[in-house]
Amino acid sequence: MRKFKIGYRTLKTAIGAPLSIFLAQLMDLNHFVSTGIIAILCIQVTKKKSLKSAWSRFFACITGMMFSFLFFEIFGYHPIVIGFLLLFFIPTMVLFKTTEGIVTSAVIILHLYEAGQITLDIVQNELLIIVTGIGVALLMNLYMPSLENDLNVYRKEVEKNFAVIFEKIVAFLREGDYTWDGKEIPETADLIEKGKGLALRNVENRLLRHEDQYYAYFKMREKQFEIIERVLPTFTMITANVEQAHLIAQFIEELKDNIHSGNTAKKFLKKLDDIKKEMERAPLPKTRKEFETRARLYHFLYEMEQYLIIKSQFKGLADAKKGKG
C-alpha cells in the first residue's frame, strides 16, 4: 500500500486558490473565481519558474485585453471574432515566448466578450483579478523547502556505490574474484541523474545565484563515473597474477575508504605518481601474458589519474569533512 503524501506545491495550491478567491470577493470583483484559476496556474515547483509563469500570464493577459479591445470594438461581439482574435493572438504569444499565459488570457478575453463592452470599470475589474491571482501565487512561493537533506541522501548513496565498485576492483586484483552482479552500475547512473535534477531545482529556488555546489558535485561524479564504466571491462582481460596488481589494489582500497564530498585528491595523485615510478623500476615482464597484464594495469592507472584530476578541480561541498578525498 502506497503512503499518502501531500507535497508542498499541493499544500500551497490548496491555500492559495481559496485565499485569492476570498480576496477577490472582498473587493467585490466580477468573475472572482478566476483569481483561483490564475493562482493555481502560477504556483510552481521553484521560485524562478513561479516568477517566469507570473510574468508570462501577466503579459499575456494585458496583451489579450488590448487585442479584445481592437477586435471586439471594431468587428463586434460575435463568436467568429473570437476565432479571428485567437488566430492573431496565439502566434503573438509564441513570438514573445509567453505561451504559458495563453489559457489564462483566454479567460480574460472571454470575460470581456461576455460583458459585451469594454469600459474602464471592466478593465479595472480584470486587472484586479489578474494581480490578485498572480500576487497570491507569488506570496505562496516565497517559501521553498530546503532540498539539501534530499541532496545529501543522493550524495551518500552515490559515494556508497563508488566504494562498492572499488571494493570489487580490489577483490579482483587480489584474488581474481569475478562474483559481482554489477547492480551498482545502473543504480549509480540513476542516482547521479536524479541528484542533478534535484540540484537544478535548488538553483532555481535561489533567485540571485546561478550556480549550485551540489550540481557541480553531481556533474563531477558523473564524469568520474564515466571513467569507472570505461575501465571496468579492462579487468576481464587481465589473465596474469603480477605484483603490480597487489600494489594497485592497496591504492584503490585506500581510495575506497576516502570517498567523500571533500577534496584532498592531490595527496592521492602524489601516491599514484609514486606507484607509477615504482612500476617503472620493476624488472621487465618475462611472458606475453605478464606484459599485457602490466600494460592494462598501467592504462588503468592513467584512467584513475584522470579520475583524481576531475576531483581535484572540484572545490568541495561546504559540509565536507576535512581530511577525506
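Here are some questions and answers on labels used for this predicted model.

User: Why is glutamine 44 called buried?

Analyst: The relative accessible area of glutamine 44 is 13%. Buried means under 20%. Glutamine 44 therefore counts as buried.

User: Where does glutamine 44 lie, and which residues does it touch?

Analyst: Glutamine 44 lies in the loop between α2 (33-42) and α3 (47-75). Leaving aside residues up to four places away in sequence, glutamine 44 touches Arg9, Lys49, Ser50, Ser53, Asn141 and Met144.

User: What makes leucine 41 and glutamine 44 a polar contact?

Analyst: The backbone oxygen of leucine 41 is 2.8 Å from a polar atom of the glutamine 44 side chain. The cut-off is within 3.5 Å.

User: Why is the pair of phenylalanine 71 and phenylalanine 75 called tilted?

Analyst: A search of the whole structure finds 14 aromatic pairs. In the pair of phenylalanine 71 and phenylalanine 75, the centres are 5.9 Å apart and the planes make an angle of 50°. Pairing needs centres within 6.5 Å. Under 30 degrees is stacked and over 60 is edge-to-face, so the rest is tilted. The pair is therefore tilted.

User: Are phenylalanine 71 and phenylalanine 75 buried or exposed?

Analyst: Phenylalanine 71 has 11% relative accessibility, so it counts as buried. Phenylalanine 75 has 53%, so it counts as exposed. The cut-off for exposed is over 50%. Both residues lie in helix α3, four residues apart.

User: What makes lysine 52 and glutamate 100 a salt bridge?

Analyst: Their closest N and O atoms are 3.6 Å apart. A salt bridge needs a distance within 4 Å. The pair therefore qualifies. This pair links distant parts of the chain, 48 residues apart: lysine 52 is in helix α3, and glutamate 100 is in the loop between α4 (79-95) and α5 (102-115).

User: Why is glutamate 100 called partly exposed?

Analyst: Glutamate 100 has 29% relative accessibility. Under 20% would be buried and over 50% exposed. Glutamate 100 falls in between, so it is partly exposed.

User: How do you know that glutamate 254 and lysine 271 form a salt bridge?

Analyst: The closest N and O atoms of the two are 2.1 Å apart. The limit is within 4 Å. The pair therefore passes.

Technical notes. Residues numbered from 1 in each chain as written. Predicted model: local features only at pLDDT ≥ 70, side-chain atom pairs only at ≥ 80, totals over all residues. Heavy atoms only, no water. Helix = DSSP H or I, 4+ residues; strand = E, 2+ residues; numbered from the N terminus. Buried < 20%, exposed > 50% of the residue type's maximum accessible area, 1.4 Å probe, protein only. Polar contact = N/O pair within 3.5 Å; in protein donor to acceptor, adjacent residues only side chain to side chain. Contact = heavy atoms within 4.5 Å. Phe/Tyr/Trp six-rings, centres within 6.5 Å; stacked < 30°, edge-to-face > 60°. Salt bridge = Lys/Arg side-chain N within 4 Å of Asp/Glu carboxyl O.
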